[in-house]
Amino acid sequence: MCGIAGIYHLETPKPVDPLRVEAMCDALAHRGPDGSGVWTAPGVALGHRRLSIIDVAGSPQPMASPDGRAMLVFNGEIYNYRELRRELRETGAEFRTDGDSEVILAAWQRWGPDCVSRLHGMFAFAIYDLEARSLFLARDRLGVKPLFLAPLSDGSLAFGSELKALLAHPLLRREIDPLAVEDYLAWGYVPDSRAILKGVTKLPAGHSLLLRHGAPLPRPVQWWDISFAERRRGRVADLEAELLHLLREAVSSRMVADVPLGAFLSGGVDSSSVVALMAENSGQPVKTCSIGFDVAALDESDYAAEIARRFGTDHRARQVSPDDFEAIDGLAAMFDEPFADASALPTWRVCQLARESVTVALSGDGADEAFAGYRRHLFQRSEDRVRGLIPQAIRGPLFGTLGGLYPKADWAPRPLRAKSTLLSLAADSAEGYARSIGFTPPELRDRLYSDDFRRLRGDYRAERSVQDLMRAAPARSGLDRAQYADLKHWLPGDILTKVDRASMAVSLEAREPLLDHRLIEFAASLPEHMRVRGGQGKWLMKRTMRRFLPDQILYRPKQGFVTPIAQWFRGPLAQSARQIASSAALARTGWFDAPRLGALVEDHIAGRSDHSRLLWQLLMLDRSLTHLGIS
């Protein structure tokens, strides 16, 4: 786990100042406090910051191949590197280290760009081929590790593990992309299809890029995709056995490390499953940690303690309170781009707690996306059944009118909050799902935007990206398409961004066994009734884990890692909420209608509406603009 950065001249191989790349790497020092290095050649420079996990004493980077023909910088872990090493050695490859970095170099020299399909793990890397004078960039299948790109005015391409690496380059333009602001207000994050600054892009998950001097910047090539088009057949017992084997393999492969290792434990199904399988595979107590809240209804720490006792883990816990709100400037600097998932705060805190005793921590991320574990997946399946019964010509006007008339009753019990469901049913499956997963609906965004910002945005609407993903998905059903969109949009844009930045901020490596691509491919092939049954998501996974976990863990209502910001904004943080409407950074942009923002804040504080997520969004946008130095 590390940070990488570099510069490549596309037109002519101009010299690159190593101090420039060194400055880019210094901005990533938190990702790799154990070592650093810069390598240059005509037209290219590669930089690296290292967090030592495997082969601690060896494997420095940038790393040259034994024959000196290729140079690598790499961020991540390759979990099948030992098997690949044996295979490559049989074909004549030589190895001087015991780590996984050198295996990537050998795989590149053996298979070229196709090497990525042989790698099982999380990664973003750059390989410069001195003979071909080409640069190869690649990102892992699901986007666990990030890679930012920016063409610069001198004809070069700069890249780095985080936006802050590019910000260290003096030629980077610091101009906000208004379409990214629209995306951010819709989703609470800037998705991988865009970046907050104009001209900056992100290499998409499962894509690679091959650059050559004298050739224009090509489009990324997709080398992996997930398909929901096939349906696996077999007895439930056989599918359970196959799933358990895949789970065990995914967990055990991610327990390989030459440094202390542990796990995040929330007390939910996913993290509890990971800890159970770690305990089965470990000869000593697993080190676990969890975070609780000062609002009892959102606190899962008792469930985490129950799992810790069940498996005899070495468990530590800590609580997050409104006092931690003071860390918001740290969050803005951590993410660079505005990021409004409020669970980033407790995620950061649990990473800090874990780093006190381990260098690697396994998480439970990914199972909800793969096995249909979110409530929205249940709603999507039910709504699609209604859509199948009522023609669009009747359904659109009927539910659209009812949804427009129905009040937004945030104060009411959940069954009475029908507005979003009615509006979703008025639309087709893709439009309805895009609306259901958004932070701020399009009607509210339009009311909050100023006339000037609406002109900047034009006819672009953020929901189209999810709709396009769903309509083009290799899938059979609306549930399939919803999960596909989650895996391609929500997972890399929100979940994996949150865990990567929060863990790397404290020099902790987070590994996601439930995102093993073989496990994801298995889940995508399951019939719907093996994912969703009896009002429950993750049906087969829960059934499989009954031999390890009690029913009160497996079948209790899903809670999620939720921060009590709604209560905080009505109590100890009410004054901070009131300051949002008059924020200097937001006011200077001219993007929003300040009186309407003020009214929205007062409605929340009075309890008439729940605008907590939007308030948090605006607060994080304000702090991010300040961090980026945008005037």
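Leu149 stands opposite Thr201 in strand 10, in a model that is predicted, where local features need pLDDT of at least 70, side-chain atom pairs count only at pLDDT 80 or more, and totals for chains, interfaces and linings use all residues. Residues are numbered from 1 along each chain as its sequence is written, and side-chain values use heavy atoms, with hydrogens and water left out.

Strand 8 and strand 10 pair in the antiparallel sense over two bridges, where pairing requires that DSSP finds at least two bridges between two strands; strands (E, at least two residues) and helices (H or I, at least four residues) are DSSP runs numbered from the N terminus. Both strands belong to an open sheet of six strands with antiparallel pairing and the order 2-3-1-9-8-10. Strand 2 and strand 10 stand at its edges with a single partner strand each, so one side of each is left without a neighbour in the sheet.

Helix 1 (residues 18-26) packs on the sheet, and its direction makes about 150° with that of strand 1, angles running from 0 to 180 degrees between N-to-C directions and axes being lines fitted to C-alpha atoms, for helices over the stretch in contact. The strands that helix 1 touches (contact means heavy atoms within 4.5 Å) are tabulated here.

| Strand touched by helix 1 | Residues |
|---|---|
| Strand 1 | 2-9 |
| Strand 2 | 35-41 |
| Strand 3 | 44-50 |
| Strand 9 | 156-160 |

Elsewhere, helix 12 (residues 375-389) and helix 15 (residues 429-436) pack at an angle of about 150°, their axes 11 Å apart. The two helices are therefore roughly antiparallel to each other, a label for angles over 145 degrees.

Note on methods:
Parallel < 35°, antiparallel > 145°, perpendicular 65-115°, else oblique.
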